[in-house]
Amino acid sequence: CNLDGTQLICGGKQGLHLYDGESFTPFTLPDYSHLNIMEMKIYQDEVYIAARNIGLIRFDPTTKKSFLFQLEKKRILSFAIYDDFIFGVGTNDGGFLISKDYSVDYFSDENGLISDNLSCVFIDAEGNIWLGTDGKGMLKFSGKSIVSYSVRNQLSSDLIMSIGQTNSGEYVFGTYDAGVTRWHQNKEAQFIFGKENISDNT
């Protein structure tokens, strides 16, 4: 993540590091001596960090203060922020939505999800929430309806690891075992896999 235009803040199993263009320097948040980082994002000049077994942390680089969101589920794999709402997913734990007033709603196979085993979340340019699952394809939540996608309707795999969108509106889905699917609504999907196009299908 680009922290202030001059430094990058990087996260991994060994915690946080700042990169100034020449070298990496360890960086520790107040109250957290070691973090195993799953994902990070910068939103409105604050850093949001998903840390294994801790949950979701918001850090203000200006005040050096951090805030831990009160979540029942601490194993967060992926999260997305849109219009001050935060949607996240965790290993075998379904999903959660943090509203502007910090209230939290949880989602599982008991209230609409096709699977609790979610792997990634992405919010597209129109505000639709996309969820990737570990074995049951994808879900698209528009706020009014939920649509599921799988190998039955043009995906190359039901093991979805990442979701993105190009500037032209085309969607890109990374899979665990069948490379990448490029897809645009009302068009045929394009599968990108094999040694000729990418180095590995995972």
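Predicted model: local features only at pLDDT ≥ 70, side-chain atom pairs only at ≥ 80, totals over all residues.
Visitor: How much space lies in the largest cavity?
Guide: About 40 Å³ of space lies in the largest cavity.

Visitor: And which residues line the largest cavity?
Guide: The lining consists of M138, Y149, N153, Q154, L155, F173, T181 and W183. By class, five of the lining residues are nonpolar and three are polar, with no charged residue.

Visitor: On to rings. How many aromatic pairs does a search of the whole structure find?
Guide: The search of the whole structure finds twelve aromatic pairs.

Visitor: Is F69 buried or exposed?
Guide: F69 is buried, because its relative accessible area is 4%, and the threshold for buried is under 20%. F67, at 33% relative accessibility, counts as partly exposed.

Visitor: What other ring does F69 pair with?
Guide: F69 also forms an aromatic pair with Y102. That pair is tilted, with 6.1 Å from centre to centre and 40° between the planes.

Visitor: Where do F69 and Y102 lie in the chain?
Guide: F69 lies in the loop between β7 (65–68) and β8 (76–82), while Y102 lies in the loop between β10 (94–98) and β11 (104–107). The pair therefore ties together parts that are 33 residues apart in sequence. Y102 counts as partly exposed, at 45% relative accessibility.

Visitor: Which residues do ring pairs link into a cluster?
Guide: Ring pairs link Y43, Y48, F67, F69 and Y102 into a cluster.

Visitor: What lies over the face of F79?
Guide: K41 lies over the face of F79, at 5.7 Å from the ring centre. The side chain of K41 also meets that of E39 in a salt bridge, at 3.6 Å from N to O. K41 is partly exposed, with a relative accessible area of 27%.

Visitor: Since salt bridges have come up, how many does a search of the whole structure find?
Guide: The search of the whole structure finds four salt bridges. Among them is one between the side chains of D83 and K100, at 3.9 Å from N to O. This pair links distant parts of the chain, 17 residues apart: D83 is in the loop between β8 and β9 (85–90), and K100 is in the loop between β10 and β11.

Visitor: What are the relative accessible areas there?
Guide: D83 has a relative accessible area of 45% and is partly exposed. K100 is partly exposed, with a value of 47%.

Visitor: What does E170 form a salt bridge with?
Guide: E170 forms a salt bridge with R182, and the closest N and O atoms are 2.9 Å apart. E170 lies in the loop between β16 (160–165) and β17 (171–175), and R182 lies in strand β18 (residues 180–183), so the pair ties together parts that are twelve residues apart in sequence.

Visitor: Is E170 buried or exposed?
Guide: E170 counts as buried, at 16% relative accessibility. R182, in contrast, counts as partly exposed, at 30% relative accessibility.

Conventions. Residues numbered from 1 in each chain as written. Heavy atoms only, no water. 1 Å grid on protein atoms, 1.4 Å probe; cavity = no way out; pocket = protein on both sides within 12 Å on 5 of 7 lines; lining within 4 Å. Points joined across faces, edges and corners; volume = space filled by probe spheres on them. Nonpolar A, V, L, I, M, F, W, Y, C, P; charged D, E, K, R; others polar. Phe/Tyr/Trp six-rings, centres within 6.5 Å; stacked < 30°, edge-to-face > 60°. Buried < 20%, exposed > 50% of the residue type's maximum accessible area, 1.4 Å probe, protein only. Helix = DSSP H or I, 4+ residues; strand = E, 2+ residues; numbered from the N terminus. Lys NZ or Arg CZ within 6 Å of the ring centre and 35° of its normal.
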